[in-house]
Amino acid sequence: MNLNYRRQPLSLEEYVKGVKTNNRAVLARAITLVESNASRHVTLAQEVLTEIMPNAGKSIRIGITGVPGAGKSTFIETFGTMLCEKGHRVAVLAVDPSSSLSHGSILGDKTRMDQLSRHPRAFVRPSPAGGALGGVARKTRETLLLCEAAGYDIIIVETVGVGQSEVSVRSMVDCFLVLVLTGAGDELQGMKKGIMEMVDIMLINKADGTNIQAANQAKIELSRILHMLPRITEGWETKVQTVSSMTGEGIEECWSTVEQFRTHLIQSKQFEERRKKQAANWFHSLVEEQLLSSFYGSDLIKNELPQIKQTVLQGQVSATQAALTLLKKYQQNK
Ligand code: GDP
């Protein structure tokens with residue numbers, strides 16, 4: 001196959017072969033294909049995905065969250081590079097629904113993860129731009145499968161510590177990490193309790209220089225608090241560790257905790273269960289996404305919605321009544 005991959009349209013076979021043989025140019029184009037909303041691309045993208053499915057699913061999927069400034073990209077750079085040096089192949093993806101507005105709060109800036117993105121065993125892909133969380137998450141999930149089929153055995157999915165994106169990333173990974181900073185009490189108050197209950201490993205980042213003592217103190221406090229919270233993974237109490245993404249201190253330990261966690265998941269039969277849950281979640285969210293887009297995309301609803309909405313805003317009709325009327329019209333029109 002001696003094609004100019006940038007210009008010529010690729011056939012289904014070329015996409016599939018290119019992905020499976022980890023031709024990076026083809027992989028990048030396959031990702032662009034699944035990210036496209038054009039209907040001719042959607043059909044081809046789904047055919048590619050169907051073909052590569054048997055080769056997907058063999059990685060460990062790791063989610064990483066943390067507020068902006070917590071050190072996520074620095075951590076992924078250090079952690080990912082270490083994993084590549086160990087012989088792994090690492091893909092880094094992102095779910096950042098804000099990226100279309102703010103030009104990316106994560107992975108948008110090309111200088112981030114500079115070293116890792118140049119590593120021959122790594123593949124770094126920014127968050128797909130494109131509005132709502134549902135769409136961004138779907139594209140990232142499909143990209144994850146493509147990367148697995150291309151032989152990446154560790155997939156890192158990064159997200160920002162705001163909005164609903166954590167829930168979405170949690171539902172597509174095996175192991176979920178949060179990066180926090182010292183000043184445990186304040187940090188916890190700032191963090192939604194729901195997120196605390198979703199994580200498997202908590203890393204106190206920037207444990208270096210004059211910050212070491214505070215980080216160790218935070219570790220004690222956070223462990224105590226986490227001990228009292230319900231566990232997301234049966235038989236696994238959220239581990240708290242200190243780490244410095246800058247010096248690399250604690251990075252090896254972090255990987256060994258991820259490995260311990262994976263062993264625990266497999267031995268307790270939760271790994272398969274979690275993967276099944278991931279597939280079920282995905283299926284349901286696709287159904288919801290399709291329903292919403294066919295509803296809001298229909299000409300009837302586009303015509304009727306503004307008027308009915310107006311009657312609600314003016315207090316003439318209750319929201320429930322208006323919604324039911326609209327849905328009934330939609331169903332009758334099909
Ligand atoms: P992100 O917004 O979560 O991706 O955070 P960044 O990785 O961009 O890091 C935010 C800032 O914290 C940058 O100036 C980093 O250099 C710094 N930083 C990240 N990790 C560490 C660390 O382990 N130690 C120290 N001292 N600074 C760090």
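Mentor: Gladly. Helices and strands here are DSSP runs, a helix having at least four residues and a strand at least two, and they are numbered from the N terminus. Keep in mind that this is a predicted model.

Trainee: How many helices and strands are there in the chain?

Mentor: The chain has 15 helices and seven strands. Of its 334 residues, 46% count as buried. Among contacts with a separation of 6 or more, 75% are between residues 24 or more positions apart.

Trainee: Let us begin with a loop. Where is the place of Lys269?

Mentor: Lys269 sits in the loop between helix 12 and helix 13. Its phi is positive, about 65°, although Lys269 is not a glycine.

Trainee: Is Lys269 buried or exposed, and what makes you say so?

Mentor: A residue is called exposed when its relative accessible area is over 50%. Lys269 has 62%, so it is exposed.

Trainee: What about Asp153, why does it count as partly exposed?

Mentor: The reasoning uses those cut-offs of 20% and 50% again: Asp153 has 27% relative accessibility, so it counts as partly exposed. Look for Asp153 in the loop between helix 7 (133-149) and strand 4 (154-159). Leaving out residues up to four places away in sequence, Asp153 touches Ser59, Ile60, His88 and Arg89. Asp153 and Ile60 are 93 residues apart along the chain, while their C-alpha atoms are separated by 6.3 Å.

Trainee: Now a strand residue. Why is Gln241 called buried?

Mentor: Buried means under 20% relative accessible area. Gln241 has 15%, so it passes as buried. Gln241 lies in strand 7 (residues 239-242). Leaving out residues up to four places away in sequence, the residues it touches include Ile201, Met202, Leu203 and Ile204, along with Glu253, Cys254 and Thr257.

Trainee: On to the helices. How do you know that the span of helix 3 agrees with what it should be?

Mentor: The expected span is 1.5 Å times one less than the number of residues. With 14 residues (39-52), helix 3 should span 20 Å, and its end C-alpha atoms are 20 Å apart, so the two agree.

Trainee: Which residues of helix 3 are buried?

Mentor: Ala45, Val48, Leu49 and Ile52 are buried. Down the axis of helix 3, they fall within an arc of 100°, so they line one face of the helix. Ser39, Arg40 and Thr50 are exposed on the other side. The buried residues of helix 3 pack against helix 1 (12-20), helix 2 (24-35) and helix 7.

Trainee: Which residues of helix 11 are buried?

Mentor: Ala215, Ala218, Leu222 and Leu226 are buried in helix 11. These cover an arc of only 60° around the axis, so they are on the same side of helix 11. Gln213, Ile220, Arg224 and Met228 are exposed on the other side of helix 11.

Trainee: What makes helix 12 roughly perpendicular to helix 13?

Mentor: Angles of 65 to 115 degrees count as roughly perpendicular. The axes of helix 12 (residues 251-267) and helix 13 (residues 270-297) cross at roughly 90° and come within 5 Å, and the angle therefore makes helix 12 roughly perpendicular to helix 13. Phe261, His264, Leu265 and Ile266 of helix 12 make the contact with Gln270, Phe271 and Arg274 of helix 13. By class, this contact has four nonpolar, two polar and one charged residues.

Trainee: And why is helix 13 called roughly perpendicular to helix 14?

Mentor: Helix 13 and helix 14 (residues 299-313) pack at about 70°, with their axes 5 Å apart. The range is 65 to 115 degrees, so helix 13 is roughly perpendicular to helix 14. Phe295, Tyr296 and Gly297 of helix 13 meet Asp299, Ile301, Lys302 and Leu305 of helix 14. This contact divides into four nonpolar, one polar and two charged residues.

How values were computed. Residues numbered from 1 in each chain as written. Predicted model: local features only at pLDDT ≥ 70, side-chain atom pairs only at ≥ 80, totals over all residues. Heavy atoms only, no water. Buried < 20%, exposed > 50% of the residue type's maximum accessible area, 1.4 Å probe, protein only. Arc of directions from axis to C-beta. Axes fitted to C-alpha atoms, helices over the stretch in contact; angles between N-to-C directions. Parallel < 35°, antiparallel > 145°, perpendicular 65-115°, else oblique. Contact = heavy atoms within 4.5 Å. Nonpolar A, V, L, I, M, F, W, Y, C, P; charged D, E, K, R; others polar.
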